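Here is a quick tour of a two-chain model, written to be read with the viewer open.

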Amino acid sequence: MHLLFAIFLFFAVDSTPNFQVRYKLVYQPDSTNLNNIKEEAFLLSIKENKQSYFCSEGFWKADSIQGLRRTGLLSAAEYMGDPKYRFRTAFDKFIAKSLETRESRIFEKISFDQFEFSVPNHLKWEMGMEEDTIAGYACVKATTSFAGRDYVAWFAPELPIPDGPYLFWGLPGLIVKIGDTRNQYVFTLERFGAYTGVIKEWPEYASRRKVKEASAQKIYEYREEVRKDPFGVIERRLGPSTFNGVPTSDPSIKNSKAWNNNPLELKLIE
Amino acid sequence: MRLGLLFIFLVWAPAPSWAQVIFSGQVQQMDGEAIPGASITIHDLRSSKIVAFGISEKSGAYSIPCNERVDSVLIRVRTLGYTLEEKRVANISQVTIFRLSEESIALREVAVRPDPITRHGDTLSYSVDAFKSKGDRVISDIVGKLPGVEVRGDGQILYQGNPINKYYIDGLDLLGGKYKLANDNLAVDAVTSVEVLENHQPIRMLDSLVFSDKAAINIRLKKKVTTSGSAQVGAGVAPMLWNANVTPMLFTKANQFIGSYQSNNIGADVAGQIKMLSSMSTMGRENDDSKTDRVQLVPIATPSFSNTRWLNNQAHLGSLNYLKKMGRDYQIRINSSYLNDIQKQRGNTETVYYTGVDTVALFEEKYNRLYNESLEVTVNLERNTKNKYLKNVLAGKGYWDKQTGILSRNHVPLEQMLRNPYFTISNTLSNIFKVGKQLMTFESYTSLNRLPQSLAVTPGPFSNLIAHTDSLESIKQHVNQRAFYTNNALSFTRGVGFFTFMPKIGFQLEQQKMNSYFELPHGEEEVVLGGELENDLNWLKMKPYGELKIQWKKESWRLGLDSPISYNIFKIEDQALGRNENLNKLVFEPRFTLRYELNSFLAVHAAMGFKNQFGEMEDIHYGYLLKNYRNIQLRDVPLQQSKVWSGSTGVQYRNPLSAIFGSVSVLGNYGSRNLMYGSTVSDEGSIAYTAQALENTTYGGLLTSNFGKYFADVKTNIAAGATVNWNTSQQLINGALSQVVNRSTSPFVRINTNFNKLIDFDYSYKLNAFGNSVAGNKNKATVQQIDNLKISIYPFTGAYITIQNDYYRNNFGGATQRNQIFTDVALRYKIANSRIELQLNWNNVWNTTSLSTMSTNSFSYIRSEYFLRPTQVLASVKFGW
C-alpha cells in the first residue's frame, strides 16, 4: 500500500510552532460518470494552534504569482510569456478559520466577482467506535452531515489540532481522512509536518475595491447559478459572446459544462 | 388511601440511572490563563474508546454531555504545546479544572509517498515520477517499464498481451495509430502520468452499448499548453555517418501538432516511426491495403535484432501531423509523411529443401540495393460526442520503389532489377445517427489500387520453359494490377435490458485485373510468347452479407455471439487462356466470446468460432508468373477454401496495489482445406506449384503466458513468460503426401531495476527452440538463446553512461555455431543550466562483422549469414525542450 517515511522530530521551541498539512482531494465532478475522476492538492496551514488557513495548492501558487506581480517583482511580459507561471485550480476559495472562536472567514472567486463571507459552524459530530491506521496515524472514526452530504471522517487523537480540510473541524484531533458516503469527495492526508515558511493568511487576489461582502445564502445561490449556466452568466454581463468561433448560446457550448453537476456543497450550509 | 400512598411512592422512586451526565470545567495554564482550542475526550475505561468529546472555548471552558452507561470514565485533555492530562472519574456530572504546564511537543511527521499505480474505475494511472529513472528522456523509455505493458520491437504497445486500440495524448488522437512517432520523441518531463483505459470503446455513442475488450493508452501532459520536441545532429566515422532528428511538438487544448524530419545512415529505422500500429477500421479489405508485391528479389534473411547492427541505410523521413478541434465538436486531422531510403544488404544463404525422400541444397551470395520512396497523405474529419459520431478518412499513398540485386548462385553470377511501385487511394466513412430513438450506423469503405511492377533478370532463368532455348541473355516479367474495392454496411444497435443487439447488412464488391507478360531482349523477338506465358486475369468477388451480433452484459459477465452469414460469388476468368472458375457459396461463421471478472483483479475469457475463408487473387493465375529469379509459378488451381474451428481460453490478473500483472491463454485450432498444394523442385532449385483437389487437415495449439511484478521499494520490475506453439499439417512434397509437424517453444525473462541512484540494470533472456518433422523424420532441432544486458551508470549530475551487451548462442541442428557478442557504449552529458546534451556512441565495440541466422518452415531450412555494420563512432548534440 502506501509507503511511509516517518520522521521523528524533537525540537524545543518557546512558542507553539506552525504546521502544514497537505491533503489530496479525489473527486467526481460528474455524478453520472464514474470514469471522470479529478484530483487536486490542498494545503492547511495551522498557526500556533490558533488560526488555520486552507486553500488548494494551485490557488496558493497562482495567488503568490499575483503577489509578485503586484509588488513589481514579476513583469506582465514575463508572466504572460511563460506558461510555468500560470497555475490553475478548480477551487477558487480561501478559508481562514479561528480555532479559538470557532469562526470562519471565506474568500471565494465566482465568475467575474470576488466575495468574502462567513458560514455558521454548526457541525455536529457523532463519535464512532471503529479505529484504523491511516497514513501511519492511529485514527478514530466520526460521522457528520454537511451541505447535503453525509461524511465519514478519521481523526488522529495524537495530533491534538481540532481542524481538518475545508470546513471540517471540531474533532479532538486532526482529520486525516474524510470522505462522503458515496465516495465522490474524499480528502486524504498526504503530508503533515512542522512548517517554518510564510503562511498565507489572506489571498493577494483580494483587492479591496473588488471584494464584496455577502451572506452565505446569496453566495451559495450565485455559485449554483454560475455552475449550471456559466456562459449564460457571461452573456448577461457582457452581451453575446463566442467560444472558439461558435456563439455561446449554441447548445454544444451551452451544455459543454454539463459534466460539472456534482459540487461539494449540494445544499446551503445550515 | 392506598392509592394515594402508591402514588407518593412512585413520585419518590429514584431517578433512572441513565440521566444525562455533563462533564464541564476549565482548561487553564499553570498561571490560570485560559487555554482555548484544547481537545477534551471522555473515554470508556474498559475499552478506552472515545465516547464523548469537546473543545475548550475561548474562555477555556468546556461542557460535554455524555450518555454512556458506564460506571467510570477517563477524561483526557490534550493540546499543542502543553502536557497531556487525564483523570479517572465516576460517570456523574462534575466540574473539573485542568491545569496544564508547557511542554515542547513531539508530533510525528509523515509524508505519504503516492502509489505508483492507482485505479479509478476502468482507468489505471501510472505515475511517471515513480517509474522514471535518470536516464529516461522520452516517454517510450518509461512505457516499456510499466508492469503489464510491453513494447514490441516495431513500437507496438501491448497491455496484458493485447495490442492497444488507441494512443491518446491528453484525450486527443493525433497520430491515428502511427504512434511510434510520438512515443519515441515526446519528452518524459512533459508527461505527468500514463493512463491505461481498460475496455476502451473509442466511439462515445456506443460507450455503454458495445463492449470492448481492448485497452487504450492516454498520455497525460503536465501542462495545458505543452511545447516539446528535440533537435539532434550527429556525425561519425567508419565510414562517414550522420544522424539528424528535428521533432517539434505542440499540444494545446484545441490543437495538436507533431512535425518531424529525421535522417540517418546509422541503421536507425525511420520508416517504423510512421508504421500503423493499431487500426480501428473493420471495413477494410480482408487483407489490408498494404503493398503485396507480385514480383520480388530473393530476399536475404535479415537478422532479428536491432536494425542499428545490420541495416545499411541512407534514410530521410519528413512527417507533418496536425489536429484541430473546431466548433460544433468537429475535429480535423491531417497526417502526411514522405520517406526516402536507400538500403544495402549483403549476405549469403544456404537453403536446404526436405522432400521427405532426399534433400536439395543451394548456396547463394547476395548483394541487394533497395530504393524506397513513398508519400502518404491522410485527411481525417471526425465528430465523436455522446450524441453524434461521424468519421471520414481520405487517404492516398504512393510508393515509387525499386530494387537491384546481384547474386552469385553456386558461383554463377546473376543480376535482378525490380520496379515495385504501388498507388492507392481510399475513403472510409462511418456515421452513427439516430432514427427516432434507434441508433443506426452506416459504414463505407472504397479504394482504388494500381500496381505496375516488373522484374528483369540477367541471365534469363527458365529459358527452356519461356523461350524454348538453352540460354537467354535476360528476361523481364511485367505485371500490372488494378483493383477496385468497396464495402458498405448498414447496422443498428439496440439495447434491451442486459442485451445489445447489432444486426447488420452489407455488400462487398471487389474487382481486380491482373495482366502479365514476358519481355525478351532484342534479337529474340521472333520467339512467340503467348499462351501460358501471359496472364489476363479478371477477378470479381461479390459478397452480400448479413450479421447479427448479440452482447450480453450483466455485472461482471460479458458474453458475445456473432453470427455472420454471407453469400460469396466468385467469377475468375482468363479469357485468352480460356480458363475460368465460378463459385457461389453460402457461408456461416459463428463466433462466441465470454469474459468474466471474478473480482477487481482477476478476469477469465473464452472464445469459440468457425471461419470459412477463401483464397485471394494472388493464389490463382492460369499463366506463368516469375515471382523471383528462381521461382516461376503456374497456379491453375481451384479457389482455395479453408475451414477453421478454433477455441481459446485464458486468465488475466492485474493488481495495481501490489503491482502484479499476469496472463495465460491457450488457443487450439482445427482446419481443413480443399486443396493440397504441391511443389516440384528442380535440380536448379526452381519451384513449380500445382494443386490437387484433395482435402487436407491441419491442427495445432498455442500457449502464451506472461507475468510481471513491480517492487516499488527497490524500483524493480520482473517479467517472465513463455510461448509454446505446435501444429501439424499435410503437405505434398515432390508428389508424396507427408505429415509435417512444427513445434516451437520460447520462454523469456526480463528484469529491470533502478534501486540505486548511481546504477540501473536491465537484463533479459530469451530462448527460441524450433523443431519439426517431415513424414515422421524428425529434423534436428535448432535452439537460439539471446541474453541482453544493459547497464546504465550516473556517475555525477548530468552524466550518463550506458553499456549494452547482446549475446547470441545458436545451435542449428545439433551443430553449435560460434557464439556472438555485441557491445555498444554510449556516453551522454547534459550541460548544466542549459537544454543541450552531448552524446558519444561507440557501437559494435568488438567489431563483429557477420551473423548467422536460421529459419525453418515446413519443408525447408534456410541458414543465412549476414554482413553487419562494423564498429563505428558517432558524436551528436541534442537540444530538447
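Predicted model: local features only at pLDDT ≥ 70, side-chain atom pairs only at ≥ 80, totals over all residues.

Helices (H or I, at least four residues) and strands (E, at least two) are DSSP runs, numbered from the N terminus. With that in hand, we can start at the end of one helix.

## Around helix H4 of chain A

Helix H4 of chain A covers residues 230–238, and in it A:Pro230, A:Phe231, A:Gly232 and A:Val233 are buried.

For the complex, the predictor gives an ipTM of 0.83 and a pTM of 0.70. Chain A has an average pLDDT of 83, with 89% of its residues scoring at least 70. Chain B averages 85, and 92% of its residues score at least 70.

Each chain has a stretch to treat with care. In chain A, pLDDT stays under 50 over residues 1–14, yet the model has 31 contacts beyond four places in sequence for that stretch. In chain B, pLDDT stays under 50 over residues 3–16, and here the model has 0 contacts beyond four places in sequence.

## Chain A in outline

Chain A has 5 helices and 15 strands. Of its 270 residues, 51% are buried. Take the contacts in chain A between residues at least 6 apart in sequence: 58% of them join residues at least 24 apart.

The largest nonpolar core has 62 residues. Those with the most contacts inside it are A:Trp125, A:Leu174, A:Phe187, A:Leu189 and A:Phe192. What does A:Trp125 touch, leaving out residues up to four places away in sequence? Its list includes A:Ala142, A:Ala153, A:Phe168, A:Trp169, A:Leu171, A:Ile175 and A:Ile178, and B:Phe53 is on it as well.

## Aromatic rings

Over all chains, the structure holds 44 aromatic pairs. One of them joins A:Phe59 and A:Phe107, which form a tilted pair at 6.2 Å centre to centre, with 55 degrees between the planes. That pair links distant parts of the chain: A:Phe59 sits in helix H1 (residues 57–70) of chain A and A:Phe107 in strand E6 (residues 103–110), 48 residues apart. Buried or exposed? Both A:Phe59 and A:Phe107 are buried.

Over in chain B, B:Phe499 and B:Phe501 form a stacked pair, 5.7 Å centre to centre and 15 degrees between the planes. B:Phe499 has a relative accessible area of 36%, so it counts as partly exposed. B:Phe501 is partly exposed too, at 29%.

## Charges over rings

A:Lys38 lies over the face of A:Trp259, at 4.9 Å from the ring centre. In chain B, B:Arg346 lies over the face of B:Tyr367, at 4.3 Å from the ring centre.

## Some single residues

A:Lys177 is found in strand E11 (residues 174–180) of chain A. From A:Lys177 to A:Ala206, 29 residues apart along the chain, the C-alpha atoms are separated by 30 Å.

A:Gln217 belongs to helix H3 (residues 216–228) of chain A. A:Gln217 is partly exposed, at 42% relative accessibility. The C-alpha atoms of A:Gln217 and A:Trp202 are separated by 22 Å, the two residues being 15 apart along the chain.

Chain B is divided into domain 1 (20–100) and domain 2 (258–880). The C-alpha centres of these two domains of chain B lie 77 Å apart.

B:Asn752 lies in strand E43 (residues 736–753) of chain B. Its relative accessible area is 6%, so B:Asn752 is buried. Leaving aside neighbours within four places in sequence, B:Asn752 is in contact with B:Lys145, B:Lys715, B:Thr716, B:Asn717, B:Phe761 and B:Asp762.

Methods:
Residues numbered from 1 in each chain as written. Chains lettered and ligands numbered in written order. Heavy atoms only, no water. pLDDT = per-residue confidence, 0-100. Contact = heavy atoms within 4.5 Å. Phe/Tyr/Trp six-rings, centres within 6.5 Å; stacked < 30°, edge-to-face > 60°. Buried < 20%, exposed > 50% of the residue type's maximum accessible area, 1.4 Å probe, protein only. Lys NZ or Arg CZ within 6 Å of the ring centre and 35° of its normal. Domains from an automatic or database assignment. Core = buried A, V, L, I, M, F, W, Y, C linked by side-chain atoms within 4.5 Å.
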